[in-house]
Protein chains: 2
Amino acid sequence: MEKIKPRTLSGFMELLPAEQMLFEQMVATLKETYSLYGFTPLDTPLIEASEVLLAKGGGETEKQIYRFTKGDADLSLRFDLTVPLARYVAQHAGELTFPFRRFQIGKVYRGERAQRGRFREFYQADIDIIGDEKLDVMNEAEIPSIIYRAFTKLGLRRFRIRVNNRKVLNGFFAILGLTDKAGDIMRTIDKLEKIGADKVCELLLELGVTAEQAKQITDFISVSGDSASVLEALNAYRGQNEIFDLGADELATVIRHMKDFGVPDECFAVDLTIARGLDYYTGTVYETLMLDHPEIGSICSGGRYDNLAEYYTDRKLPGVGISIGLTRLFFVLGDQGMLNREYPAAPADLIILPMTDSMTEAVGLATTLREACIRTQLYSEKKKFKAKIGYADKLGVPFVIFLGEDEIANGTVSLKDMKSGEQVSLPMDEVAAYVSAKLKDQKELAVILDK
Amino acid sequence: MEKIKPRTLSGFMELLPAEQMLFEQMVATLKETYSLYGFTPLDTPLIEASEVLLAKGGGETEKQIYRFTKGDADLSLRFDLTVPLARYVAQHAGELTFPFRRFQIGKVYRGERAQRGRFREFYQADIDIIGDEKLDVMNEAEIPSIIYRAFTKLGLRRFRIRVNNRKVLNGFFAILGLTDKAGDIMRTIDKLEKIGADKVCELLLELGVTAEQAKQITDFISVSGDSASVLEALNAYRGQNEIFDLGADELATVIRHMKDFGVPDECFAVDLTIARGLDYYTGTVYETLMLDHPEIGSICSGGRYDNLAEYYTDRKLPGVGISIGLTRLFFVLGDQGMLNREYPAAPADLIILPMTDSMTEAVGLATTLREACIRTQLYSEKKKFKAKIGYADKLGVPFVIFLGEDEIANGTVSLKDMKSGEQVSLPMDEVAAYVSAKLKDQKELAVILDK
């Protein structure tokens with residue numbers, strides 16, 4: 001029979017078992033963190049009616065959509081988790097309790113040009129808090145705490161959450177009389193880190209901003225230092241524009257609670273250059289930078305928006321949310337050598353290698369160990385000793401039990417710690433407690449290895 | 001602005017938050033169970049090249065495929081998790097360790113005719129053990145134990161795992177000289193439960209089986225009773241056909257270890273009528289029946305096969321696997337009133353309702369509770385007391401903390417147990433320990449409610 005070459009599509013990540021274990025642990029850590037903050041899990045279809053998914057229409061994204069017909073239905077694969085959330089909340093608004101806090105970790109699809117580190121199928125891990133008509137700014141203050149706890153739990157150390165407020169920027173541009181150019185200016189200053197201040201100035205002039213205004217803008221966004229000094233610098237502009245003052249108040253609220261939310265100073269900064277490209281942000285915006293890898297860009301971004309679902313409902317649904325591009329993050333971490341290869345990625349805690357024809361005792365022992373919540377594999381192939389122990393070794397299983405005639409006669413087992421090489425003989429009914437204790441002693445390792 | 005009606009496609013399940021929590025718990029329980037048996041998690045792309053996915057070709061399934069083009073690529077959504085597994089194992093064989101034990105829980109797509117309880121997007125939860133050239137029958141013996149533990153942990157009580165062996169059937173048909181009709185006969189007797197013995201007999205005659213042979217077949221598959229008596233009945237046919245004898249041996253091995261694997265007699269039966277429609281099964285086959293709802297059909301099925309990936313590789317990869325159609329099972333359980341509505345489905349263990357303008361103390365308390373692993377929501381909206389407590393009540397959060405001027409002045413909190421209505425005053429630094437203890441005391445509930 002002629003064989004079809006087994007392969008995956010370009011731009012689709014697929015992992016080998018040990019890597020998959022690390023990825024699963026990242027997902028589990030995010031779920032756990034999001035749950036700690038009272039977010040509820042959500043799952044929406046991967047396929048939506050094109051009319052629904054593309055209600056907003058236009059833009060770069062639409063070209064990348066996986067869109068097709070089935071029967072007479074015009075269908076599309078979701079390209080993010082925000083549009084399905086908007087659809088979900090609008091559709092089920094009557095059955096939800098607001099503020100509605102949900103997390104969703106799932107795959108999305110974008111037919112981008114294939115290139116290294118870019119994926120066409122990738123996981124996003126999103127949280128959003130959706131209010132009904134109103135949503136207090138305290139929700140915006142809570143977000144950095146979630147980002148901080150998630151990445152810290154994952155093992156990341158050297159990162160910084162940078163926040164800004166779109167009202168501050170919009171208010172400032174209004175003070176300069178540049179309201180009609182605010183969107184363009186914001187997209188320009190958002191590029192500051194990539195292209196530098198001179199180039200930003202140049203682009204601003206091209207937008208029709210005067211040299212004087214351009215200088216005022218670059219001076220303004222260059223304000224740096226700790227949060228308190230940035231806030232103080234902002235105070236100098238107060239009293240000229242309502243939106244600006246409101247933004248400065250919001251930013252002050254966010255900063256005021258950082259310490260109580262458990263975010264240390266060194267992991268948090270106000271950065272007036274953060275604008276985020278998307279037009280729909282209206283308040284606090286977030287980016288998260290790996291300090292040693294700024295070239296990667298933001299690994300967790302988001303912000304406050306005032307109208308989540310305007311394409312589906314008249315109900316005003318303001319919210320705040322963040323998103324982690326998990327597949328890309330995982331790729332980058334691997335690329336930087338930051339995945340913890342010491343992390344226990346074996347499919348089992350223990351493997352039983354029976355050395356006798358009768359499997360009865362081995363089966364009984366496996367059952368006992370599983371009842372004690374020890375992940376146990378029973379090796380059943382009729383192979384030589386070397387092949388059996390080689391199997392356990394290749395999988396990286398930490399404990400191996402040999403069960404031979406002698407052991408069975410004595411009611412004992414030989415247990416080998418594969419890391420230390422130490423081998424002990426134990427009464428069969430003490431194995432579960434012994435291994436459980438050893439497993440508990442193991443240092444809890446994080447998935448990410450950061451200095 | 002004209003609104004687009006928010007909606008999901010027909011045949012696509014989408015759950016409200018409380019139901020989603022139950023579903024997530026089902027998935028978590030299955031993951032935990034599969035891990036206990038040393039299976040490693042796997043994740044493959046939802047989209048594959050059509051040439052790869054449809055290598056086997058033909059059949060009912062192909063018509064149901066979601067197939068489309070993107071650029072010049074001919075793509076299809078996966079319709080099960082077995083074909084992607086075959087592709088994965090063939091593609092990565094050199095990097096895997098055999099026997100390779102993997103589980104995968106993911107969505108698959110079939111454009112079936114829409115009808116109640118049938119889904120076009122649904123979760124499958126699969127495990128498979130893949131050997132390289134060989135795979136010992138003990139792996140087949142272990143499978144019922146996994147099914148038993150999974151469903152028991154989910155809360156199901158009244159179910160039975162029924163096994164048969166295709167070699168026994170094939171061998172028996174060979175003894176009757178009906179080898180060339182074996183496939184058709186098997187598909188016919190597989191319908192026994194649906195259509196009854198008379199109709200089966202009729203269909204057998206239509207296949208060209210003689211009346212005498214038809215009687216022998218229906219007599220044979222009607223053998224019932226406990227495992228030991230079925231085995232004894234099979235012994236009467238021994239010595240006439242090698243395949244039959246091998247099958248009887250395999251069945252004996254599976255049965256011999258059931259008790260040691262922890263499967264009680266009442267949850268297990270040999271049933272010679274179980275044939276499974278699919279041709280590629282070659283040894284033990286499994287079905288799982290809810291005793292009070294036989295009309296639902298098997299909720300977990302699978303079997304032994306000898307050649308997983310023949311369309312992709314010359315390497316012989318025998319295996320054994322089972323699959324749970326999770327979305328349909330969830331739907332059926334809901335339909336039968338068997339989802340446990342007492343199961344804690346709130347997004348948080350505790351909610352803090354601040355009664356003061358300052359949020360500082362509330363934020364600090366939330367941080368402390370989260371550090372103690374208590375899922376805590378901080379309510380930040382400026383609403384009246386009634387609206388605040390109504391929010392906690394609607395979400396079903398078990399504990400509520402009121403934090404007012406008096407409490408803050410005294411360094412205490414008022415904690416209300418929403419179920420008992422009991423309210424206590426506690427020093428702020430004792431809250432975490434108190435609530436943790438209360439949460440631990442809560443009876444562990446299962447997702448499924450079975451008598």
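**Close-up views of a predicted model**

**View 1. Ser227(A) and its contacts.** Leaving out neighbours within four places in sequence, the residues in contact with Ser227(A) are Ile255(A), Phe268(A) and Val270(A). The model shown here, as in the other views, is predicted. Ser227(A) belongs to helix H11 of chain A, which spans residues 227–235. Its relative accessibility is 14%, and because buried means under 20%, Ser227(A) counts as buried.

View 2. Most peptide bonds are trans. In chain A, however, the bond that joins Phe98(A) and Pro99(A) is cis, with omega at about -5°, and Pro99(A) sits in the loop between helix H4 (82–92) and strand S5 (100–109). In chain B, a cis peptide bond likewise joins Phe98(B) and Pro99(B), with omega about -5°, and the loop that holds Pro99(B) runs between helix H4 (82–92) and strand S5 (100–109) of that chain.

**View 3. Cys373(A), a residue with positive phi.** Most residues other than glycine have a negative phi. For Cys373(A), which is not glycine, phi is positive, near 65°. This residue, Cys373(A), lies in the chain A loop between helix H14 (360–371) and strand S13 (376–378). With a relative accessible area of 58%, Cys373(A) is exposed, because the cut-off for that class is over 50%.

**View 4. Glu133(B), a residue with positive phi.** Glu133(B), also a residue other than glycine, has a positive phi near 75°. It is found in chain B, in the loop that connects strand S6 (121–130) and helix H5 (138–154), and at 43% relative accessibility Glu133(B) counts as partly exposed.

Conventions. Residues are numbered from 1 along each chain as its sequence is written. Chains are lettered from A and ligands numbered from 1 in the order in which they are written. This is a predicted model: local features need pLDDT of at least 70, side-chain atom pairs count only at pLDDT 80 or more; totals for chains, interfaces and linings use all residues. Side-chain values use heavy atoms; hydrogens and water are left out. Helices (H or I, at least four residues) and strands (E, at least two) are DSSP runs, numbered from the N terminus. Buried means under 20% relative accessible area, exposed over 50%, partly exposed in between (1.4 Å probe, protein chains only). Contact means heavy atoms within 4.5 Å.
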